[in-house]
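Let's walk through this one together, starting with the whole chain and then zooming in on a few spots. Here is what we'll be looking at.

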Amino acid sequence: MGAYRTLAAQTIAQYGSRYLAQGDAAEVGEGGPPAKTIIIVEFPSMARAREWYASAEHADALKLRQTALERQLPFVEGASLPDLLPTGCFNLAPGRLE
């Protein structure tokens, strides 16, 4: 598992991505059961995420993953902050959101 995590992290960085969350203590508000570990990675675009997944660099990590863990790997299109806020909520001064 450690070798997979190291190699996967290297490939993620190569594709201009970053980890947003990593945790072994997921808590479920609804439904269940919780995943044992949740990792959220941000890619510059959906195309870049797919490019990373199909890359030769990531193929080496996938070989290790097959013996290290079982997982679900959804790709989800993100939303920008203005898309998530009601109209007119754009005063983004430090510590302030109006």
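Accessible areas here come from the Shrake-Rupley method with a 1.4 Å probe, and for residues only the protein chains shown count as cover. By that method, the protein chain has about 7,500 Å² of accessible surface, with 54% belonging to carbon and sulfur atoms. Keep in mind that this is a predicted model: local features need pLDDT of at least 70, side-chain atom pairs count only at pLDDT 80 or more, and totals for chains, interfaces and linings use all residues. Residues are numbered from 1 along each chain as its sequence is written, and side-chain values use heavy atoms, with hydrogens and water left out.

Now for the layout. The chain has 4 helices and 2 strands, in the order α-β-β-α-α-α from the N terminus. Helices (H or I, at least four residues) and strands (E, at least two) are DSSP runs, numbered from the N terminus. Of the 98 residues in the protein chain, 16% are buried, where buried means under 20% relative accessible area, exposed over 50%, and partly exposed in between (1.4 Å probe, protein chains only).

Next, take helix α3, residues 56–68. Its 13 residues reach 19 Å from first C-alpha to last, close to the 18 Å expected at 1.5 Å a residue; that expected span is 1.5 Å times one less than the number of residues. Which residues of α3 are buried? They are His 58, Ala 61, Leu 62 and Arg 65, and they pack against α1 (2–14) and α2 (46–53).

Finally, look at strand β2 (residues 38–42), where Ile 38 sits. Ile 38 counts as partly exposed because its relative accessibility is 38%.

Terms used. Contact = heavy atoms within 4.5 Å.
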